[in-house]
Structures are given as structure tokens and as C-alpha cells.
Amino acid sequence: MCLPTHLGSKTLDTKKPLYLQPLLVFLGAIALTSIYEVLKETLFQERLSLWQSHAITIILSACIATTVALIIRHRIQKAEAPIRAALNEKERAFQALADNLPDKLLRTDPEGRALYMNRALLDFLGVPFEQLKGRCAYDLEPCPANLLLDQAHRQAASTGQQVEYDHVFQTPDGTRQHQAIRIVPEKAADGSIISVLSIGRDMTPYYRLRESEQLAARVFHNTSEGVMITDAEATIISVNPAFTAITGYPPEQALGQKPSLMRSDHHDDEFYASMWGSLKETGLWEGEIWNRRADGEAYLEHLTINRIQDTDGYTLSYVGVFHDITESRRQDERIRHLAFHDALTSLPNRALFQERLTHALAGHRRDRRGLSVTFIDLDGFKNINDTLGHDAGDQLLQVVAQRIRDKLQREADTVARLGGDEFVVLMENLQ
């Protein structure tokens, strides 16, 4: 790990005081020589030889210089102690902070060789730092992603400008990670680049959320079912194209309105009260409802409404999904009509007549209500088909069916065609 070289605005320079030692030794030697010459004349009353003077001077100078150096070293160490303690504390704090960050940190020298990696990056790589220290990313694994990383480190070191880019990395377990990478050059006090710090943030959850939102938006706009979203006060805030296609209301006419904009006259207030009661109680309502298009036409839709809540249980919005079932209902009714009615005369057929007769007999047994069954057969009908053709025979059957229907005075009476030229009349509740 590359240690910080400064703490606040106080610069640590342990070499400067040592420059004074030679000067102090020289000055001390001159002073001692002068003192010695004085003492020699007063104490020894004689003049020493040149080599004796030099030897005594050198010995005394060395002793004084050593003493001065020890004093200076002690004072330097004493002055350095709080600074070194602060640096150690700063390093420890940096280590603790870096190892507990979710971001991945990599510090390299200007050439891109690894100096430090935090715990998140080591866990991501799954390799001990001892195997990575002093090596470039591309040396560890020659791939385009690592080549780009090394080049970005060198660019930041050479220009002194930070570099930012996004990249997709392949994790050791084979999954893909989107990383937002910021590379920052670290400068010394003189402005030179001493190291480069790379910070990688995992943006995979963000990209997955964005992809999910984009998918939801595509589904919202392309689904064939109408979608209407309201706020908690049931004011329309969003509709999809299918909503406009079904209802005829463009977004500018629907947004800001209430869903009652499309209300028809087919349901009473009790129906809508029951709907909102179900939504408030269970958060869901599903059923069939008649609404009205922008042109005034009523249509039947199958509607599902869901309540959307936040984590605290407060209602955020309501989402209604519906599709037009008017035509399918008409088709169902048409199929049911064909199943129980004669295709030529539209009279009830044998199956529907049997059902109504069974019901009438049950009522007769229970309430002793009178009923009658009248069979009608057309004589000579085969000759008409043979001589005039089947089209004429069909027209005759239609006319006979209508005349029998016209003779009955009550809606409850049934005229049925059993087949061919056979008709039957069921009359209930007779006195």
C-alpha cells in the first residue's frame, strides 16, 4: 500500500535537520580549537606539536559532533512521533474504510502495477493479494477489459486527469457485471503523479432494473389489452395505446379525468360501491362491466383492477387492465342461439323444447298448473319439395312458423320445430 506523504498542510521532511550536522561540526571544531589554544597556554604553559593539536581537535570535535547529532536525532524523533502516529492512524482508518466499502478499490503506480486492493476487489477476483501485487491487470489475464483498464491508468498518470468509463466484466462464476469505473491520479506535494486510484462501482442491479423497466414499458405500449393507471385518488395518470384503441379516448382527453368518464347506464350505484368496497378490502376486483366509448357506443369489457401499495401499506395507485369482449359475447350468444334454435325458422329446436317441457311438467306437478302440447304436421309437404324445389319448401316452412307464432297471444308459449315439417306448441299455466 502506498502511504500518504502529507498530513493536512504540515509537510513531513526528516532530512532537513540532518543537513545542519556538518556545519555544526565545523563550527564546533573551530570553537574547540580556539578554546584549546587558550587553555594550552594557560594550563600547560607550553606549545604542543601540530599533530597533537590536530588529534585533540579531531577527538573533541567528534565527541561534540556525536553529542550534537544524538541531540538532534532525539529531537527529530520526538517531533516525528505524533506525525508518524497520525500517519499510522490515517492508514488504519483508510484501510478500515476501504475494506468496508462495497466499491472496488485498486491503487497502482503510474505504470499500472498493483500497490493495493481492498477487500471487495479481492473477493471479486478470488485471488490473494500476494499473487497480484506489483502486476498489471493485463499481465494477470490478457483480455480486452484488463487492457482497457491498464491503458486508462496510464492515461490518468500521464495527463493528470481523471478517466471515467463503463465496462462489462466476466466474474469468476461466469456471470456478467456492469461496472462504472472512475480512475483518479494521486499527486504529491510537488504535483508529480505518485499513484493512480481506480474505483469500480457495481451497476448491475441498476442495469437490471432499467432493463426490467424498459421491458415493462414495451409490454405496456404493445399489449393488446387496455391499461389504465390512476393515482390513489382514482385520477387517471397513464394510459397505453390499446386503451385509446378500445375506448376512443386519446391520452390528452383521458389524463387527469376519473374513470367515470367512460361510465355507462348499464350499472347502478350499488354495483360501483361493491367494486370499490372489494378494492379497499382485498386490493383486487375482477369482472365484466359495461362502459361507453368516446363516440357514445356502449361496450362490454372484462376488467381487472389491482391496488398498488408501498412497503408501509399506503395506496400508491390502481392499475386497470381490460379487453373488449362485446364481439365475443355476441358470438357466444349466437352460438348458443344456433345450438337451441332451428337455423331455418329461428324457432326453438328439439333440445330447447325438451328443456322447456321438462320445466313445465315440473311446475305442473308442483302447482297443478295446466299445460298443453300440440303437434302440427304439414300434409303433402314432400310433393312441394319434389315439384317446386327445396327453396320453395323452405319458404313455406318459414311462413308456417311465422303464422303459428302470430296465433299465440302470450310470450310464455313456445313454438318449436322438431324437424322436417313437424311443429309443436307448448302452452303453460292454462285454466
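Which helix holds Q151? Q151 sits in helix 5.

This is a predicted model, in which local features need pLDDT of at least 70, side-chain atom pairs count only at pLDDT 80 or more, and totals for chains, interfaces and linings use all residues. Residues are numbered from 1 along each chain as its sequence is written, and side-chain values use heavy atoms, with hydrogens and water left out.

**View 1. Overview of the chain.** The chain has 13 helices and 15 strands. Helices (H or I, at least four residues) and strands (E, at least two) are DSSP runs, numbered from the N terminus. Of the 431 residues, 32% count as buried. Buried means under 20% relative accessible area, exposed over 50%, and partly exposed in between (1.4 Å probe, protein chains only). Among contacts with a separation of 6 or more, 43% join residues 24 or more positions apart. A contact means heavy atoms within 4.5 Å.

View 2. Q151 is partly exposed, at 42% relative accessibility. Its C-alpha lies 9.7 Å from that of Y138.

**View 3. The largest pocket.** Its volume is about 600 Å³. The pocket search uses a 1 Å grid over the protein atoms alone. A cavity is a set of points where a 1.4 Å probe fits but cannot get out; a pocket is an open set with protein on both sides within 12 Å along at least five of seven lines. Lining residues have an atom within 4 Å of a point. Grid points are joined across faces, edges and corners, and the volume is the space filled by probe spheres set on the points. The lining of the largest pocket counts 32 residues. L121, F124, L125, N146 and F169 lie nearest the centre. Elements giving two or more residues to this lining include helix 3 (119–125), helix 5 (144–159) and strand 5 (163–170).

**View 4. Helix 11, residues 350–367.** Helix 11 has 18 residues and reaches 25 Å from its first C-alpha to its last. That is close to the 26 Å expected at 1.5 Å a residue; the expected span is 1.5 Å times one less than the number of residues. L352, F353, L357, A360 and G363 are buried. Seen down the axis, the buried residues of helix 11 fall within an arc of 130 degrees, so they line one face of the helix. The arc is that of the directions from the helix axis to the C-beta atoms. These buried residues pack against helix 10 (326–340), strand 13 (370–377), strand 14 (414–419) and strand 15 (422–430). The face turned away from the buried side carries exposed T358, H359, R365 and R366.

**View 5. The two ends of helix 11.** At the start, a side-chain oxygen of N349 reaches to within 3.2 Å of the backbone nitrogen of A351. Just after the helix, R368 takes a positive phi of about 55 degrees. R368 lies in the loop between helix 11 and strand 13. R368 is exposed, at 62% relative accessibility.

**View 6. A234, with positive phi.** Phi of A234 is near 65 degrees, a positive value in a residue other than glycine. A234 lies in the loop between strand 8 (226–231) and strand 9 (236–239). A234 is buried, with a relative accessible area of 11%.

**View 7. T414 in strand 14.** T414 lies in strand 14 and is buried, with a relative accessible area of 2%. Its side chain makes a polar contact with the side chain of R356 (3.1 Å). A polar contact is a pair of N or O atoms within 3.5 Å; within protein, one must be able to donate a hydrogen and the other to accept it, and residues adjacent in sequence count only if both atoms are side-chain atoms. Leaving out residues up to four places away in sequence, T414 touches P348, R356, V424, V425 and L426.
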